[in-house]
Amino acid sequence: MATAATSAERAEPILHLRGIGRRFGGVVAVSDVDLTVRAGERRAILGPNGAGKTTLFNLISGEYPPSTGTVELFGRDVTAAPARTRARMGLSRTFQTSRLFGGLSVEDNLYLAVLGVGDGHLRLVKTGADGELRDKARAMAEDVGLGDRLDVMVSELSHGEQRQLEVGMARVAQPKLMMLDEPAAGLSRAERVTLTETLLALDPSVTLILIEHDMDVALRVAEWVTMMHDGRVIVEGTPAEIRANETVHALYLGSHG
Amino acid sequence: MTASVGRTSWPALGVVVAAAALAPLVFTDFFVSVILTKSLWLGVAAASLIFLSAYGGMVSLAQVGIYGVAGMTFANLVVADGGAAAAWSPWIATIAAIVVAVAVGLFFGVIAARSVGIYFLMITLAFSVLVYYFFSQVTQLSGFGGVNNPDLPSLVGQPGQDPAPLYYTTLVVAVLVFLGLRYVSRAPFGLALQGLRDEPARMRALGFNVTRHRILAFTLAAFIAAVAGVLSVWYNGRIAPGSINLAQTIDILIIAVIGGLYRLEGAWVGALTYALLDNYSREWTPTVGDVLGAERFNTILGVVFLIIVLLSPGGLVGLWERVRGLGGRGPGPPGEVAREPAPAEAAK
């Protein structure tokens with residue numbers, strides 16, 4: 001990884017995985033992965049289906065604990081910390097299949113995303129603080145192109161709109177580290193172009209880790225690529241190096257013609 | 001657009017409450033007591049179940065157990081025939097009964113909150129059965145044949161002679177419970193509760209403590225159930241283990257399902273339907289040879305229940321919405337986001 005002299009290379013590491021692994025019964029989903037991501041970096045994680053990318057995301061976000069290894073986030077060992085603690089430290093994520101609150105409106109969904117990292121989850125009365133949270137929620141809805149859909153129930157949104165909201169949910173709490181799991185899944189060509197532009201326009205201080213099958217999106221947004229196969233990291237490099245890599249072609253790009 | 005669980009029709013609510021306030025002028029004392037008052041407190045009990053189900057996605061069978069604890073505590077703390085007869089003031093006893101039942105609810109919640117679906121249902125069923133057997137066996141508290149004629153607050157007078165004061169008291173409580181739960185559903189606590197109903201994993205990823213939230217929602221529902229438990233003793237003028245048994249647990253569930261598990265209003269719609277059927281189905285049951293007759297009025301209850309469940313998963317309230325065309329796609333469980341499988345072909 002010495003070839004890439006990007007600004008991210010010199011910044012502080014904010015995520016450090018050491019020898020991380022996860023078994024589900026007899027299945028080894030992720031094994032012995034070391035990964036360092038620096039502040040402000042744009043990282044893509046690629047690999048064929050079943051390579052362990054989403055499991056790796058779940059280990060980083062704290063959805064479940066690793067079987068082996070440690071997770072260090074913002075300089076703190078969070079291996080044993082639950083997902084909510086990591087979220088409140090400034091990590092946000094999206095899900096491969098949208099996990100939205102279908103029985104609530106677009107605005108309420110974003111409102112909960114802002115409320116989550118703040119205090120007062122248990123308040124039985126509304127206060128002035130909720131007004132500010134709702135302002136943030138509405139501004140984000142505008143940002144992701146759902147400004148005119150605020151009161152619509154999320155279960156009524158189209159697939160494309162749900163994916164937009166999924167990204168909005170991750171952005172609205174102003175995280176330091178944002179992890180997007182296949183944000184382009186199921187989007188039309190035009191929607192992917194919009195998504196790519198949104199990702200390129202993100203605040204450069206926000207660190208981004210992206211799982212993406214769409215090479216046009218992934219290799220345009222990322223400045224450094226980690227390639228996974230069978231639960232292990234097999235290659236790391238710049239997008240150009242990844243495009244040229246024989247192993248990558250054989251394993252992944254080649255399989256899709 | 002589908003009417004969400006969070007919307008209220010204020011004019012409709014006003015009309016219903018105004019009609020309810022005039023009811024004692026129109027109906028007989030019998031009807032006001034045995035149908036209307038009973039519907040109102042049964043509705044409060046069912047509302048505690050529907051609140052957990054509609055907003056939290058938790059169908060609890062513990063509500064009768066919790067209201068049993070409240071009812072028994074009240075009956076034992078005031079002057080009564082049987083039980084401890086501690087001779088407290090009825091109001092102090094009311095508060096104490098609610099506090100005890102909420103504490104028991106919190107304890108139950110801590111145990112049940114980590115489980116979901118059928119396991120949550122079974123654990124909460126076990127709570128109700130446990131409360132029933134406790135009071136059945138500890139006759140120092142439940143008397144032989146129940147605790148009878150407890151001292152009531154002067155506010156409700158003598159319900160046996162004039163049902164109006166108890167009726168109005170119960171009506172005010174029911175309206176407050178409805179409005180209170182409606183308000184909470186739009187407050188941070190209630191919105192987060194709906195979030196964890198739809199996607200608990202997302203809620204964790206957003207920074208919420210899902211288990212703690214479930215426990216406290218269960219405790220809030222226990223508070224509502226406790227209120228219903230005290231009202232039930234005021235209404236019946238007695239409480240016995242038989243009034244908090246498995247049959248009563250099932251009746252409250254039936255009321256909630258008939259009314260509609262997805263909307264709070266369903267609690268009282270279901271309770272009224274239940275009270276009417278329970279009281280009049282004996283007269284309405286036709287005699288068909290040896291097969292059907294007045295003594296088989298439970299058959300009518302069962303058939304009506306089946307028809308409603310088959311016609312409308314959202315109960316009578318859901319049916320009403322569908323008839324009025326309010327729910328574009330018809331009623332049903334909220335929160336089902338259309339999912340598409342992750343397209344493996346996206347890499348082209």
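The centres of domain 1 and domain 2 of chain A, taken over C-alpha atoms, lie 26 Å apart in this predicted model. The domain bounds, which come from an automatic or database domain assignment, divide chain A into domain 1 (1–90 + 175–257) and domain 2 (100–173). Eleven residues of domain 1 of chain A are in contact with ten residues of domain 2 of chain A, contact being defined by C-beta atoms, placed from the backbone, within 7 Å. On the domain 1 side, two or more residues each are given by α3 (83–89), β7 (177–181) and α7 (189–200) of chain A; helices (H or I, at least four residues) and strands (E, at least two) are DSSP runs numbered from the N terminus. The residues of this side comprise six nonpolar, three polar and two charged, where Ala, Val, Leu, Ile, Met, Phe, Trp, Tyr, Cys and Pro count as nonpolar, Asp, Glu, Lys and Arg as charged, and the others, Gly among them, as polar.

Also in chain A, strands β9 (residues 224–229) and β10 (residues 232–237) pair in the antiparallel sense over five bridges, pairing requiring at least two DSSP bridges. Met227(A) has Val235(A) in β10(A) as its bridge partner. The two strands form a hairpin with two residues between them, and Asp230(A) in the turn has a positive phi of about 50°.

Residues are numbered from 1 along each chain as its sequence is written, and chains are lettered from A and ligands numbered from 1 in the order in which they are written. Local features need pLDDT of at least 70 and side-chain atom pairs count only at pLDDT 80 or more, whereas totals for chains, interfaces and linings use all residues.

Key
Contact = placed C-beta atoms within 7 Å.
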